[in-house]
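Biologist: I'd like to learn how to read strands and ring pairs in a model. Could you walk me through one?

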Amino acid sequence: MAVLYINEKQKEGHINAEIYGHFSEHLGRCIYEGLYVGENSDIPNVNGMRKDVVDALKEMQIPVLRWPGGCFADEYHWKDGIGPKESRKKMVNTHWGGVVEDNSFGTHEFFELCEQLGCKTYVNGNVGSGTVQEMSEWVEYMTFDGVSPMADMRKANGHEKPWKVDFFGVGNENWGCGGNMTPEYYGNLYRRYQTYVRQYSNDAPIRKVCCGPNSSDYFWTEGVLKTCFANPQPENAHGYMDALSLHYYTVPNEWDHKGSATEFDDKEWYRTLAKALYMEELINRHGAIMDQYDPDKKIGLYVDEWGCWFDVEPGTNPGFLYQQNSMRDALVAGATLNIFNKHCDRVKMACIAQLVNVLQSVILTEGPKMILTPTYHVFHMYKHHQNADLLHSYLEGNKTVGVDEENQVPLLNESVSIDADGVIHVTVNNLSVSESAPVEIAFMELKPSEVKASILTGTMHAHNTFDEPEQVKETAYTDFEIAGDRIKFTAPKCSVISFTIR
């Protein structure tokens with residue numbers, strides 16, 4: 001028997017809604033076909049945006065969307081994506097499949113999408129192949145409310161008022177596809193480029209994001225921060241940044257043979273989950289370096305690319321990164337989000353990769369058809385953590401499970417929050433493929449009077465297809481008992497459960 005102890009009186013931090021963010025890149029069928037079908041499509045749309053996809057994302061309460069990349073960001077030249085669509089420049093998407101990018105989805109379309117979704121905007125600028133002037137003019141085009149060359153150009157293109165850019169990334173993966181730079185070189189470029197990301201409105205400040213490390217590259221984190229914090233002056237008190245990014249993908253095997261999204265054994269299941277849980281060590285160790293420069297934790301750690309990366313589905317373009325999504329993905333998502341919640345003092349944003357039809361997406365489309373993946377349902381179940389306060393919680397009697405010593409994982413994984421109305425939300429994952437787990441939830445003082453719950457469960461390979469779109473879905477969960485200050489239940493194997501407690 002495991003006991004989940006909750007101290008409802010002890011708040012340990014605020015869970016930013018942006019921890020539940022998403023990422024959309026000009027990659028495969030994420031933008032085109034997934035989010036954007038054009039105004040003349042037979043697929044129901046509003047100003048070119050797929051209505052079914054937008055409605056599903058609004059129901060999931062998507063808080064922020066990152067665009068246009070990814071590796072694509074550092075070869076994207078924004079002026080190619082504005083103005084009449086018939087005259088927009090075409091380019092070759094060299095990173096993703098070598099296909100022609102017609103730039104019919106650009107700046108105006110991105111903000112239209114975010115307005116329909118009701119979410120915040122995260123724009124990634126081009127450092128790898130772009131100039132300071134290009135980045136500066138893009139910020140002016142998007143955010144300046146006045147008379148200027150770029151503001152006049154925006155107005156001529158049909159948008160009188162500026163948009164709000166909530167977050168701006170100065171480059172992407174500049175240690176790799178964004179220019180293969182050294183940390184010191186990028187750090188100096190960051191200092192230069194961010195200078196010209198002007199704050200045109202005091203009422204709508206842009207939060208600047210510095211390109212952080214790939215996985216466990218602590219050398220990069222140290223080198224960039226040391227460079228950005230050099231020669232301290234009042235305006236450099238926080239290294240000219242509001243956040244540092246971190247990218248980490250869960251890859252079960254080697255990069256040249258990652259493994260199938262739907263065909264795997266117990267050993268690969270636990271290896272995948274063990275690698276997903278490595279996220280906590282990454283946050284702790286990169287966070288320790290950040291603490292040296294930012295002990296008050298005013299700089300956020302943005303894990304703005306994370307999720308499972310498997311081999312592409314057979315018969316699909318290998319450059320499109322299209323993969324299926326099973327209960328294994330659901331457990332990776334649930335466990336990772338619980339980690340982010342518990343580290344909300346440093347983790348202020350996270351964006352799973354990617355939104356539609358790419359990697360660990362929440363939605364898959366095929367022509368007019370759309371399905372919700374197991375990962376979608378996890379985000380839907382966890383949405384109540386957004387903008388809630390983290391509560392102190394710990395599991396007693398939690399054991400480890402696995403088929404070999406190397407890849408043992410805890411049987412249970414959890415996080416707990418309390419919202420502005422005093423409602424407590426508990427998310428619990430059972431990571432075992434074979435054993436259920438009896439659990440008691442115990443409170444410091446609270447005697448629960450009203451409890452509701454939902455569950456996502458299935459066999460470890462279970463996934464939704466266009467022929468069977470509801471093999472895995474969130475359902476009501478009633479198999480629990482309220483006993484005084486405790487809630488007793490049994491978490492089925494391979495399951496995600498969300499409790500709402502009053």
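Modeller: Happy to, and keep in mind that this is a predicted model. Let's begin with strand E1 (residues 2-14), which runs parallel to strand E21 (residues 437-443) and is joined to it by 5 bridges. One place to look is Val3, whose bridge partner in E21 is Glu440.

Biologist: How many bridges join E1 to strand E16 (residues 389-396), and do they run parallel or antiparallel?

Modeller: There are 8 bridges, and E1 and E16 run antiparallel. Find Tyr5 and you'll see that its bridge partner in E16 is Tyr394.

Biologist: Which strands make up the closed barrel?

Modeller: Follow the order E2-E5-E8-E9-E10-E11-E12-E13: that's a closed barrel of 8 strands with parallel pairing. From one strand to the next, the twist averages 25°. To see one of the pairings, take E12 and strand E13 (residues 347-353), which are parallel and joined by 4 bridges. Trp306 has Ile352 as its bridge partner in E13.

Biologist: Which strands does helix H2 touch?

Modeller: Helix H2 (residues 107-117) packs on the sheet against strand E5 (64-67) and strand E8 (120-125), and its direction makes about 155° with that of E8. Helix H5 (residues 183-195) also packs on the sheet, where it touches strand E9 (167-170) and strand E10 (207-210). The direction of H5 makes about 160° with that of E10.

Biologist: Now the rings. What describes a pair of aromatic rings?

Modeller: You need the distance of the centres and the angle of the planes. This structure holds 32 aromatic pairs. Phe72 and Tyr76 form a tilted one, at 5.4 Å centre to centre with 35° between the planes.

Biologist: Why does Phe72 count as buried?

Modeller: Because its relative accessibility is 0%, and buried means under 20%. Tyr76, at 1% relative accessible area, is buried too.

Biologist: And how should I read Trp255 with Trp309?

Modeller: Their planes are at 80° and their centres 5.1 Å apart, so that pair is edge-to-face. It links distant parts of the chain, 54 residues apart: Trp255 is in the loop between strand E11 (243-250) and helix H7 (266-277), while Trp309 is in the loop between strand E12 (300-308) and helix H9 (327-342). Trp309 is buried, with a relative accessible area of 13%.

Biologist: Where does the charged end of Arg29 sit?

Modeller: Over the ring of Tyr322, 5.2 Å from its centre. Look at Arg328 as well: it lies over the face of Phe264, at 3.8 Å from the ring centre.

Terms used:
Residues numbered from 1 in each chain as written. Predicted model: local features only at pLDDT ≥ 70, side-chain atom pairs only at ≥ 80, totals over all residues. Heavy atoms only, no water. Phe/Tyr/Trp six-rings, centres within 6.5 Å; stacked < 30°, edge-to-face > 60°. Buried < 20%, exposed > 50% of the residue type's maximum accessible area, 1.4 Å probe, protein only. Helix = DSSP H or I, 4+ residues; strand = E, 2+ residues; numbered from the N terminus. Lys NZ or Arg CZ within 6 Å of the ring centre and 35° of its normal. Pairing = 2+ DSSP bridges. Axes fitted to C-alpha atoms, helices over the stretch in contact; angles between N-to-C directions. Contact = heavy atoms within 4.5 Å.
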